[in-house]
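I opened this notebook to record what I looked up, beginning with a single chain and moving on to where the chains touch.

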Amino acid sequence: MLRKLFVLFGAAILVATACSDSADGDQTLTAESVAAADTDGVTIRLLTHDSFAVTPGLFDSFTADTGITVEQVAGGDAGEVVARAVLTAGVPEADVLFGIDNTFLQRGLDAELFVPYESPALADVPADLQLDSEYRVTPVDFGDVCVNYWVDQLPDGEAPATLADLAEPQFASTFVTQDPETSSPGFAFLLATIAAFGEDGWEDYWQQLADNGVTVTSGWEDAYYGEFTAGGGEKAVVTSYASSPPAEVLFAPEPIDEPPTAVLLDSCFRQIEFAGVLAGTEHPEAAAKLVDFMLSETFQADIPLNMFVFPANETVELPEVFATHAEVPSQPLMVDPAEIEENRAAWTERWAEIVLR
Amino acid sequence: MARSGVRPSTGAVIALVPVAFLVVFVVWPLVAVGVRSLAGVAPERVLEVAFRSTTRSVVGFTLLQAALSTIVTLVVGLPVAQVLARYRFWGRRVVRVVAVVPFVMPTVVVAGAFIRVFDRVGVVEARSLVAIVAAHVFFNVAVVVRVVGGYWADTDRRLEDSARMLGAGPWAVFRWVTLPRLGPALAAATTLVFLFSFTSFGVIRLLGGPARATLETEIFRYAVRRIEFDVAAVLALIQLIAVAALAVISGALQRRVAFVQQGRRRSLARPAITWAERVHVGAALLLIAAVVVVPMAAMVEGSFAVGDGYGLDHYQRLFTRGDLLPVSAGRALLVSLGFAALAAAMAVVVGVAAAVTVVRGGRVGRTLEALTLVPLGVSAVTLGFGYLLAFSLFELRRSIWVVPLAHAVIGLPFVLAAVVPTMRSLDPRLAQAAAVLGARPRTAALTVTWPLIRPAVATGAGFAAAVSIGEFGATSFLARGASSFTAPLAIFRLLSQPGEALRGQALALSVVLGLLVATLTAIIEWRRADGATLL
């Protein structure tokens, strides 16, 4: 009898799975249709990565204005979020996705995850952040992955000025970075070197780094808190973020005036984070209103101190600790998202051959 | 147990609970993710991935590190289990409780402590196979100490004493008298430790360094970084095959019990009398101290270190400001406790029903036994993705219940490991005697069987709660914002940005979490003077 039950359950599952495969038809969104839509009482689910954070109560004004309740779904790191969105494409678990960055963007576009929507709020966002001309995704924030160093732990007291310096004997065995295949800043730094040295030069550069005793960890935490001076380690140079020095000030046990770390501006790779309305949502207009809100002053001003990245809306004022201690490179390194997607496997495998063997 | 009548037998009704639970929360998600990942993939591609040279070396390393971790865990854990079962000494309860604490320690924090310790000692590389094995021993030694130790304490020591009296040496007694009787618990504990190491993720990533890969880390890499779901699915299938093989071996070993316990609860432990015995107890305790206490001490020290001195600053800041946390640290601890209570309750109800079915045997029992191991033996990514696909139907994936449910699924095998060996060893004549004296089956179960298995159920419940409190992978994947923000998520969040104060708060929260679980375990498992537990 129990065996029959097993079989019955199995059959029910297969039928259920087959039935749930029907995706919705075309969805189009315009600023007018969104503004006109009655969204009172709608609940919108926002799928984000674990690093997403807002000041409690931030969505209250949004709810008051639109009648929309926002429910947050944290889905692992940035890569996991994209992976789960691709896996459930067409039958999304949420209505809006936030946190897909330019290193994963093309993958999301290829999987047709998003409904195009040109938010009127984009007027305040610089053009160089708007990577998708079809408006399937909307830039919300940006940050730079940069080489950081502990100022008073440098050999000979001299700071590196360029990426090439890190391959010099002076910086032998002082640099720790992350595996591009397991770490988002690690991958961003690999892309930085590809952008800086070109398709022909980056492999040589990494060979030099490897010969110079670069250390590689799996993730940011064990690089910053394990090998780097910050956690009591012996490496004075680490791959981290442009926002790390202000964080060091903000989270110092005793108030300090100057961060103990600084950024090598020449090494910065720009990560832009996007939001998009997920195709298959039952509430596209309400979802689009949330995207608008994410570009509003209220939301944008809340970003720096919660997520340690910069607001995409350039009219928004930065908090003081950012204005004083964070440096934004004027010419950050970038690689085209389509090119990243096409070469991801080849680049990381080649990198592993050079560095890990 | 021949029964007659038209009503469905009690056994079938009891079996229905775990069968339905496992089909819905394990089989269905796995089928869903398998169908989605492998639909339209050519069989040649599957074979190509399965027999690649890289796959072979990954499988090889996975099995090697898991086997080594299991062996070393047994070598460290068994002497401690024996000492706890056979001797009464000051601090015995403390050792039992402290052994559980590693279970809830966040991998990131533990790995940091290990790297620090290895660097300071300087004999072995901080990132090496040795480091991986050491961390696995740290996390898993509790399984051996509790599962085997609890069972050991209930075996009659007089048999060993008789053997000694008849002239057998200590080793001969262990080999021919003790070990065979420990068989079921030993097999259950070994299986759990092996599976834990087999699917370990954080330890491999952090202590193995980037060049080392296991099936678990490769599944994550292909599914999440590369989005090559077909490759990930093939690797997941290899994991499933390994789990199935292990389940068959473990099941066969556990069923080979020939020894019937007397069902006595009275503790047979006695103080160490001779010097040899005292040295023996001391050595076993030193061993576990080296493995468990040293890394924890490094964490505790870090939580008090402020600048160049020590102080309570991190604790104060954690509970007053709680930098970066969407809810207060106290609230996160409460959420963790709530989930743990729910998960443990579900795991115990389903687990005891499953144990009854497993002990009854038959094909359903054997299948069930193997199925409970699956959540431990397949990767968290596979199961997590399965949940997303399978539960789109009722939108359970959007419910907050999915987190404690997932915790219950993971805690279930621990309940079985504690309960099944004890139930198997019960003397059937006790229940028969009750029946002869006129007790109905239900009365016999409640008044005879239940009191005898209660300590084992308590051990299982404690484990399930500890697993839930420490769980990170599934929680981070299934969590829904502030309402399911648990303490491990908070620790991870604190470590996501630079700043000494954040690191200090993360360590402080880890210490609080450890204290919490120790207290909880002590309460659940407090054996009264007559040996009964509070549960």
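Entry 1, the fold of chain A. I began with the secondary structure, and for chain A I count 12 helices and 10 strands, bearing in mind throughout that this is a predicted model. I then looked up the radius of gyration, which for chain A is 22 Å, close to the 21 Å that the globule rule gives for 357 residues, so chain A is as compact as a globular protein of that length. Taken along the principal axes, the box that the C-alpha atoms of chain A fill is roughly 65 × 55 × 40 Å.

Entry 2, burial and contacts. I find that 54% of the 357 residues of chain A count as buried. Turning to contacts within chain A between residues at least 6 apart in sequence, I note that 77% of them join residues at least 24 apart.

I looked up the pairing of the chains and found 57 residues of chain A in contact with 53 residues of chain B. On the side of chain A that touches chain B, the elements that each supply at least two residues include α1 (2-19), β2 (69-74), α4 (78-87) and α7 (220-227). The largest share of that side, seven residues, comes from α1(A).

How values were computed:
Residues numbered from 1 in each chain as written. Chains lettered and ligands numbered in written order. Predicted model: local features only at pLDDT ≥ 70, side-chain atom pairs only at ≥ 80, totals over all residues. Contact = placed C-beta atoms within 7 Å. Helix = DSSP H or I, 4+ residues; strand = E, 2+ residues; numbered from the N terminus. Rg over C-alpha atoms; globule rule 2.2 N^0.38 Å. Buried ≥ 20, exposed ≤ 12 C-beta atoms within 10 Å, placed from the backbone.
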